[in-house]
Amino acid sequence: MTQRDGFTSTFGVLVATLGSAVGLGNIWKFPYLTGTNGGASFLLVYLLATLLVGLPVMIAEIMLGRTARANAVSTFEILDQKQPFWKSIGYMGLVAAVLILAFYTEVAGWVFAYVVKSISGSLGQTDPASAKATFGALVTSPMHALFWQWLVLVVTGGIIMLGVSKGIEAVAKKLMPLLFLLLIVLCVRSLTLPGAAEGLRFLFAPDFSKITTGVVLTALGLAFFKLSIGMGTMLTYGSYFRPEQNIPTTAARVMIADLSVSLLAGMAIFPAVFAFGFEPAAGPSLVFMTIPAVFDSMPGGHVFMTMFFVLTAIASLGAMLSILEVPVAMMTERWGWHRRKATLATLAVIALLGAPASLSQSLTQDWTLFGLNAFDLFDFLSSNVLLPLGGILICLFAGWRYGLPKLRAGLSNDGQLDNAMLIRVLFVLLRYVSPLLIAAVMLKALDII
């Protein structure tokens, strides 16, 4: 029997898991939400939310995956052979992973396109109308939209085909340090600009009057979604963890590093935005319209703009690798397929599903369901239904079905680690606190509360 692939070093485990958690949301969503929801006061709420929701579920997922040493579906069959219901968690994660990749690869394609555009110098424009026209030309061109999405799929699939240690881990070891280096360089440049202090105030000045119930729920949702939980990625990556790995410590380090990336991104973006008199905006308008104009306004901006889009591409790639590994691991282990065959089959499905999403601003813009085009529909189903539901079920399984003795054995490495108090706190959170808070996030996303 062929030995199962896995991560080969403690550093490899850390950077691969961090690569899964870091994504496009670190570059624009986290800094923007922090700045518009109370700055430093929102950060405090977010940290508390992470400790109550994100970190417990992440630890539980990794522990369950390492214990079973299997894909997201088989994990629950192995851990609970009497109740087949629980494997539905793995299937929901599988569906969510495919739906997420169907639209996320399109956004990543825009980033890859802007890497090329920034290198070629075709983004040199300080006029907001010109920046908007450039972005519009990209997303409304069927040929360009599909080309960049498929290129992203080819790059991601090629790495996945190399395996866990020679593909995912090897790439993460190179890209994650590079991401931090690029962010630090951009931060230094941004913070030395005249008027940069206003950007720091936007990001860090506390405004406790903005902390409302809605803001708290926003922080809870961000804490849940930022760590790539509820979609089978941490279950799958956990199955590749080394037996001696300290899971709570590793998860905490990933959380801190992920937060550091988000804060560094904010410090790189917003001082520059304010220094040149631009208005901060959320989402694609910030990354693809405002940022090119901002960097083009500063001396040497062409170089820094290229660096920005390269690090954004790195962030998107790490997240895509972990999501793509979910269906590939399932097919190789449950169906006995070769990794290359499983990868190609998954890429084909994602390309077919992703085409309507990619063309949702051109050829398929009139294809709607419940008033949503394909891009928005895939986003809604995965983010608002499948992921939070999967997170709730993981909490219920770990806290009620799996039980404290097995949880203690899994997280203490069979008694080798002295962390009994931590495990008991985690157990209480998984049983009572985390599922209720995730349910609140889900109800808010569905506009029920």
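Mentor: Let's start with a term: a residue is buried when under 20% of its relative accessible area remains, exposed when over 50%, and partly exposed in between, using a 1.4 Å probe and protein chains only. This is a predicted model, where local features need pLDDT of at least 70, side-chain atom pairs count only at pLDDT 80 or more, and totals for chains, interfaces and linings use all residues. Residues are numbered from 1 along each chain as its sequence is written, and side-chain values use heavy atoms, leaving out hydrogens and water.

Trainee: How many helices and strands does the chain have?

Mentor: Helices (H or I, at least four residues) and strands (E, at least two) are DSSP runs, numbered from the N terminus. Here there are 18 helices and 0 strands.

Trainee: Which residues of α4 are buried?

Mentor: They are Ala72, Val73, Ser74, Thr75, Phe76 and Leu79. Because 6 of the 8 residues of helix α4 (residues 72-79) are buried, the helix is largely enclosed by the rest of the structure.

Trainee: What covers the buried residues of α4?

Mentor: Look for contacts, meaning heavy atoms within 4.5 Å. The cover includes α3 (40-68), α5 (88-120), α11 (233-238), α14 (301-334) and α16 (374-402).

Trainee: Where does the side-chain oxygen of Asn71 reach?

Mentor: At the start of α4, that oxygen comes to within 3.0 Å of the backbone nitrogen of Val73.

Trainee: And what share of the whole chain is buried?

Mentor: Of its 449 residues, 59% count as buried. Among contacts between residues at least 6 apart in sequence, 82% join residues at least 24 apart.

Technical notes
Polar contact = N/O pair within 3.5 Å; in protein donor to acceptor, adjacent residues only side chain to side chain.
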